[in-house]
Amino acid sequence: MSADNWLVCPQCDDNKEAEENRMVNLLRKDYGKISAENYEERQREVKAFLREELEETLREDYDYQLDPATETLGVYYKCHCSVCSFGFEVHEDIDYLPLVNK
Ligand SMILES: [Zn+2]
């Protein structure tokens, strides 16, 4: 593998957004039903969670190379998240001969 890169994982990003919505909705539901002190404490927790930035836990590895022996461009891509295990892998050999002008 010739290159690697780290990104925010799209699955972790989606999971955090769902958790944010769950926390905000729960807080709205409890408005007026819990003590003002308890409400404000939970509001601070929600705000702190909303401010949290996700770490770059998605590792990408990729490689591409022309192979004159098989007349193809080999393209390989793989990513994997170290937190939620999201990931996938793609490998394709593209025939480049039709692109060559004769
Ligand atoms: Zn993830």
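How many bridges join β1 to strand β2, and do they run parallel or antiparallel? The close-up views below answer this and walk you through the sheet of this predicted model.

**View 1. Strand β1 meets strand β2.**
Five bridges join β1 to β2, and the two strands run antiparallel. You can find β2 at residues 58–67, while β1 covers residues 3–7. Two pairs make handy landmarks here: Ala3 has Tyr62 of β2 as its bridge partner, and Trp6 stands opposite Arg59 in β2. Of the five residues of β1, the number buried is zero, so this strand lies largely in the open. To count as buried, a residue needs 20 or more other C-beta atoms within 10 Å of its own.

**View 2**
Follow the chain from β2 and you reach β3, at residues 72–81. Ten bridges join these two strands, which run antiparallel. Look for Asp63, which stands opposite Tyr76 in β3. Together β2 and β3 form a hairpin, with four residues between the strands. In that turn sits Glu71, whose phi is positive, at about 55°.

**View 3. The hairpin of β3 and β4.**
Here Tyr76 turns up again, this time standing opposite His91 in β4. Strand β4 spans residues 87–95, and nine bridges join β3 to β4 in an antiparallel arrangement. These strands also form a hairpin, with five residues between them. Ser85 lies in the turn and has a positive phi of about 70°.

**View 4. The four strands side by side.**
Now put the pieces together: the strands form an open sheet of four, in the order β1-β2-β3-β4, with antiparallel pairing. At the edges are β1 and β4, each of which pairs on one side only. From one strand to the next, the twist averages 15°.

**View 5. Helix α2, end to end.**
This view moves to helix α2, which takes in residues 36–51. How far apart should the ends of its 16 residues be, at 1.5 Å a residue? The helix should span 22 Å, and its end C-alpha atoms are 22 Å apart, which agrees. Is α2 buried or in the open? Of its 16 residues, the number buried is zero, so the helix lies largely in the open.

Key. Residues numbered from 1 in each chain as written. Predicted model: local features only at pLDDT ≥ 70, side-chain atom pairs only at ≥ 80, totals over all residues. Expected span 1.5 Å × (residues − 1). Buried ≥ 20, exposed ≤ 12 C-beta atoms within 10 Å, placed from the backbone. Pairing = 2+ DSSP bridges. Axes fitted to C-alpha atoms, helices over the stretch in contact; angles between N-to-C directions.
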